[in-house]
Structures are given as C-alpha cells and as structure tokens.
Amino acid sequence: MEAKIIEKFRVSGSVKNFKAKSNVPHEEYLVNQKITFPEVRVLDAKNEMLGVMKTQDAISLAESKDLDLIIMTEKANPPIAKMMEYGKFIYEKEKQKKESKKKQKVTQLKEIKLRTKIGAHDLEVKTKNIVKFLENKDKVKVSVAFFGREKEHTDLGAKLLNKIIESTKDYADIEKPIEMLGNNMLIILGPKKDK
C-alpha cells in the first residue's frame, strides 16, 4: 500500500515542466563582452581610478583579478566601468531598491460618508476619525449623500461640510473644494503641509 502511494507521488511530482525563478533583475547591465564602447574609464574594486583604457584591456585586467567589468554610467564620455563581482553588484542593487521601498509612504484616500440628518455626537466621532486619518498622512474624502427631497436642501450639506472644515482646520488643507457630484456633495482634505 505504501509503495503505491510513493509511486503516485513520484509521478505527480515530476520535474519536467519545472522552471527555476531567476534572481536577475529586469534591468540589463553591460558586463564584460557585452560592452561595445571602444574605451572606458575604469575604477577598481576599491573605487580607485585606474584611468581611461581600451575596453578589451580593461576586461582582461578584470578577468586576471577574477572580477567582472560592469558599466556604471553610459552617459559619461568615455563611459565609467567598475571592476567587481557581478553577483555582488546585483545583490547591492536589489538591496538599494528594497531600502528605497521602505522609505516610501503610500498615501491612501479614505472616505467618510455622512447624511444631512447626522446627530451631533455622530458628527463628532466622524470628525475624530478624519483627524486620525490626516495624522497618518492619508487624504480624506468627505461626502454627504442626498436622497429624495433632501436634494432640494443642498445648503444643509454645505453647512455640514463647512463645520467639518472648521473643526479640522489645524490638521487639514483643502485639496478639492466643496462640489456637487450626482447625489453627493463632497470635499477632499489632505494632511497639513509642513512649512
């Protein structure tokens, strides 16, 4: 019985169509024989300038030190190339990308929905939530929905939004002023800019 289970596992676990994921980033770097420039300005592994050399001479010098020649900037004249291990170079680039992603702050747009007949305490709670979102550096879209005969009294919605603007003025900048959009009156508030 156990032998049949193992055989089934081996058949289902075949590696015919298995493809390993490549760790090479999508960017293509000019390395060793891919370098087409006639001359390059060469840096060694310690970032010391070795001067301008013919590309083939620089590649053979790098190979003699068991290193690769990698173009760092193509826009310079002649292009700048560095002698280092290609794997280490890719590792450092990936590490830099991860670090830059950590430093990025993604701003979200939060939405608070209100009705014209909202109670005083409920409005206070919604205002506290708006302040909390703004302190987290998120934008807030505040909308007042009008149904039925409420559409004739849009001035009540404007008063409500003006109350919110007044109560959050220390935390928010108005990014989009009060406007009517379909059955909703809305405003977008952003976090206060540091001056």
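Tutor: pLDDT is the predictor's confidence in each residue, from 0 to 100. Helices (H or I, at least four residues) and strands (E, at least two) are DSSP runs, numbered from the N terminus. This is a predicted model: local features need pLDDT of at least 70, side-chain atom pairs need 80 or more, and totals for chains, interfaces and linings use all residues. Residues are numbered from 1 along each chain as its sequence is written, and side-chain values use heavy atoms, without hydrogens or water.

Student: Which element of the protein chain has the lowest mean pLDDT?

Tutor: The chain's mean pLDDT is 79. Over residues 1-22, pLDDT stays under 50. Where pLDDT is low, the predicted coordinates should not be read in detail. S6 has the highest mean, 91, and the lowest, 41, belongs to helix H1 (residues 2-12).

Student: How many residues has the largest nonpolar core?

Tutor: A nonpolar core is a set of buried Ala, Val, Leu, Ile, Met, Phe, Trp, Tyr and Cys residues joined through side-chain atoms within 4.5 Å. Buried means under 20% relative accessible area (1.4 Å probe, protein chains only); exposed is over 50%, partly exposed in between. Ile-164 and Leu-189 are among the residues with the most contacts inside this core, and its count is 18 residues.

Student: At what angle do H4 and H5 pack?

Tutor: Axes are lines fitted to C-alpha atoms, for helices over the stretch in contact, and angles run from 0 to 180 degrees between N-to-C directions. The H4 and H5 axes lie 10 Å apart, at an angle of about 50°.

Note on methods. Contact = heavy atoms within 4.5 Å.
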